[in-house]
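User: Could you walk me through the aromatic side chains and the core of this one?

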Amino acid sequence: SSACRSASPGPLAAARAALLRKRAGEVARHWPLLAAGLGDGWPAAFVRWASGRPTTGSLRDGWDLARTLREQGELPPAGAEELAVREAGLRYDGHTTPRPRRLPAVARAGGAVAVQIAGRVRLLRPARRPPADFAGGARDTAGSAAWISD
């Protein structure tokens, strides 16, 4: 009707923005490390990605966003680890519902490795090394500081 056509875009834009904020909150509940890694930029990053895309559910929306950010080189480290854990534990092709993996799987994220064996996923990180100028640390022949003491 003509009444619908003459309505200002303001209410529609406000409703659209509210729905995107709600959707961002739901995705953040499924992908807390991704959202935390993006910090204050989370809502804007999600809205940029989600605008014009229908939802496929919070889990899949977050997964697709994380993969997009990874491709763009913008995935924060915490989000990369969260994505690696998901990809080690579940099989997701970007189109169908994620399914548990039956065979062992490995996924990498920066310096961490997510390993799934028998349905359990573990995130393995390299041990932190003390700084080279560690107080009281004696150097070995390879130049590493000995930091374990009696």
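Analyst: What follows goes through the ring pairs, then a glutamate, and then the nonpolar core, all for a predicted model.

User: How many aromatic pairs does a search of the whole structure find?
Analyst: The search finds 4 aromatic pairs. For one of them, Trp 42 and Phe 46, the ring centres are 5.6 Å apart and the planes meet at 35°, so the pair is tilted.

User: Why does 35° make it tilted?
Analyst: Planes under 30 degrees apart would count as stacked and planes over 60 as edge-to-face, so the rest, including this pair, are called tilted.

User: And how far apart are Trp 42 and Phe 46 in helix H4?
Analyst: They are 4 residues apart in helix H4, which covers residues 42-50, so about one helical turn separates them. Trp 42 is buried at a relative accessible area of 7%, and Phe 46 is buried as well, with a value of 0%.

User: What about the rings of Trp 63 and Tyr 92?
Analyst: Their centres lie 4.9 Å apart with the planes at 50°, so this pair is tilted. The pair links distant parts of the chain, 29 residues apart, since Trp 63 belongs to helix H5 (residues 58-71) while Tyr 92 sits in the loop between strand E1 (90-91) and strand E2 (99-100). Both Trp 63 and Tyr 92 are buried.

User: Which residues do ring pairs link into a cluster?
Analyst: Ring pairs link Trp 31 with Trp 63 and Tyr 92 in a cluster.

User: Switching to Glu 87, is it buried or exposed?
Analyst: Glu 87, in helix H6 (residues 77-89), has a relative accessibility of 17% and therefore counts as buried, the cut-off being under 20%.

User: What does its side chain make a polar contact with?
Analyst: The side chain of Glu 87 makes a polar contact with the side chain of Trp 63, at 3.3 Å. Leaving aside neighbours within four places in sequence, Glu 87 is in contact with Trp 63, Arg 67, Arg 70, Arg 101 and Ala 107.

User: Last topic: which residues of the largest nonpolar core touch the most other members?
Analyst: Of its 24 residues, those are Trp 31, Leu 34, Trp 42, Phe 46, Leu 65 and Leu 75. At least two residues of this core come from each of helix H2 (9-30), helix H3 (32-38), H4, H5, H6 and strand E3 (105-109).

User: And what is Leu 75 in contact with?
Analyst: Leaving aside neighbours within four places in sequence, Leu 75 is in contact with Leu 34, Ala 66, Leu 69, Arg 70, Ala 80 and Leu 83.

Notes
Residues are numbered from 1 along each chain as its sequence is written. This is a predicted model: local features need pLDDT of at least 70, side-chain atom pairs count only at pLDDT 80 or more; totals for chains, interfaces and linings use all residues. Side-chain values use heavy atoms; hydrogens and water are left out. Buried means under 20% relative accessible area, exposed over 50%, partly exposed in between (1.4 Å probe, protein chains only). A polar contact is a pair of N or O atoms within 3.5 Å; within protein, one must be able to donate a hydrogen and the other to accept it, and residues adjacent in sequence count only if both atoms are side-chain atoms. Contact means heavy atoms within 4.5 Å. Rings of Phe, Tyr and Trp (its six-membered ring) pair if their centres lie within 6.5 Å; planes under 30 degrees apart count as stacked, over 60 as edge-to-face and the rest as tilted. A nonpolar core is a set of buried Ala, Val, Leu, Ile, Met, Phe, Trp, Tyr and Cys residues joined through side-chain atoms within 4.5 Å.
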